[in-house]
Amino acid sequence: MLGGGGFRVPLVYGALLADRAEGRVTHVVLHDLDAARLSAVSRVLAEQAAGTPDAPEVTATTDLDEALRGADFVFCAIRVGGLEGRADDERVALAEGVLGQETVGAGGIAYGLRTVPVAVDIARRVARLAPDAWVINFTNPAGLVTEAMSGHLGDRVIGICDSPVGLGRRIARVLGADPDRAWIDYVGLNHLGWVRGLRVEGRDELPRLLADPALLGSFEEGRLFGPEWLRSLGAIPNEYLHYYYFNRETVRAYQEADRTRGAFLRDQQARFYDEMRRPDAPALAAWDRTRAEREATYMAENREAAGAGEREADDLSGGYEKVALALMRAVARDERTTLILNIRNRGTLSVLDADAVIEAPCLVDANGAHPVAVDPLPGHATGLVCAVKAVDREILAAAGSGSRAAAVRAFALHPLVDSVNVARRLVDGYTAAHPGLAYLR
């Protein structure tokens with residue numbers, strides 16, 4: 001697990017502990033650049049594993065090559081620049097009056113420019129040291145980073161995100177359907193996708209939801225976007241599309257907040273890791289308390305701007321670790337399943353080339369993830385997808401060449417950046433804030 005000192009690592013280890021089937025994971029290597037964070041997370045995992053027979057062995061290292069050698073799976077969940085970097089991404093963008101979110105708009109571009117060179121180096125090392133390993137990418141921006149790594153690993157890198165799965169499960173619950181038996185017709189890019197149908201025993205139940213304002217207003221996306229807008233779209237967007245459809249309101253809410261999301265998480269997690277410096281600190285209890293607060297405040301500014309209220313209890317338990325475990329089971333044991341994943345397009349969306357990474361339903365087996373044929377997106381969604389994918393390509397070009405001009409194009413071409421002059425100032429601001437962007441020239 002790369003980023004093994006990260007706060008969400010215990011979620012994945014907990015899923016591994018719960019997997020008692022034959023052929024389960026037996027050894028987990030945590031890798032991180034920060035030895036103190038590795039030590040803190042290792043203590044949480046040790047308390048998690050207490051009393052569990054045959055729990056996966058855990059070792060920790062700051063040596064990347066040592067961590068990779070002999071791996072069957074590589075989980076990539078790194079944060080280049082740390083949460084301080086995320087807070088800077090938000091601050092620089094908001095000073096220009098544009099969105100600085102972690103994966104969307106100017107903040108996502110800055111984060112991508114920092115992360116892609118590191119992710120490419122990791123992909124090259126995996127190809128050399130663990131050529132048969134499958135890489136499961138958790139690192140944001142997940143679609144962009146997966147595409148960058150796929151240039152060296154091909155289809156052996158798969159990106160995951162819990163947003164589409166959570167959305168599909170919420171829709172199924174509202175309709176009274178079993179989420180595990182529902183087919184979710186979803187496609188787009190990571191954090192830029194739409195549910196166009198939800199089929200139960202062959203019948204599309206989404207029209208019933210769209211026709212009922214009370215049902216539409218009873219779950220998170222209905223409250224976030226409003227029933228009228230969802231009926232107008234004829235689809236249920238991923239929650240991150242709130243940044244596009246209600247950008248002005250969201251930027252204002254971020255500007256008026258006491259702290260940005262990145263600054264909140266930076267301070268919150270700093271308290272947790274500081275607490276873990278005490279040998280007698282209850283590691284698992286401290287982690288669980290911090291995690292609950294983190295989940296409850298997720299997208300709080302968006303919900304405030306929309307008057308959507310608090311998150312429901314069913315949405316506070318995360319979920320990406322379950323997607324990761326299901327993916328591992330399917331590949332390692334040939335337990336065939338269907339998952340929404342970030343994979344190379346291969347003709348799934350005709351408006352994008354074959355190597356463009358998209359987010360779509362996939363059939364997964366021992367040979368990897370295979371995207372399922374989907375209907376084309378409507379024109380408004382196609383326009384957004386193509387525009388954002390063009391920005392991704394400029395980020396990849398800038399990261400590969402060090403071209404400042406390509407970085408400016410990435411910012412200027414994004415739908416949420418409204419001026420070339422703003423784009424230029426963003427590049428100046430981010431290169432001043434982040435030593436990791438010194439390669440741009």
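UniProt positions are given in the numbering used here, with feature names shortened, and the annotations may be inferred rather than shown by experiment. The views show a predicted model, in which local features need pLDDT of at least 70 and side-chain atom pairs count only at pLDDT 80 or more, while totals for chains, interfaces and linings use all residues. Residues are numbered from 1 along each chain as its sequence is written, and side-chain values use heavy atoms, with hydrogens and water left out.

**View 1. The annotated pair Arg-86 and Asn-140.** An unreviewed UniProt entry places the feature "binding site" at these two residues.

View 2. Helices (H or I, at least four residues) and strands (E, at least two) are DSSP runs, numbered from the N terminus. Arg-86 is buried, with a relative accessible area of 8% (buried means under 20%, exposed over 50%, partly exposed in between, with a 1.4 Å probe and protein chains only). Beyond residues up to four places away in sequence, Arg-86 touches residues including Arg-114, Arg-261 and Gly-262, where contact means heavy atoms within 4.5 Å.

**View 3. Asn-140 in the loop between strand 4 (134-137) and helix 6 (142-153).** Asn-140 counts as buried at 17% relative accessibility. Leaving aside neighbours within four places in sequence, the contacts of Asn-140 include Glu-102, Tyr-111 and His-191.

**View 4. Glu-90 in helix 4 (residues 82-95).** Glu-90 is buried, at a relative accessible area of 1%, and the side chain of Glu-90 reaches the backbone nitrogen of Gly-262 at 2.9 Å.

Note on methods:
Polar contact = N/O pair within 3.5 Å; in protein donor to acceptor, adjacent residues only side chain to side chain.
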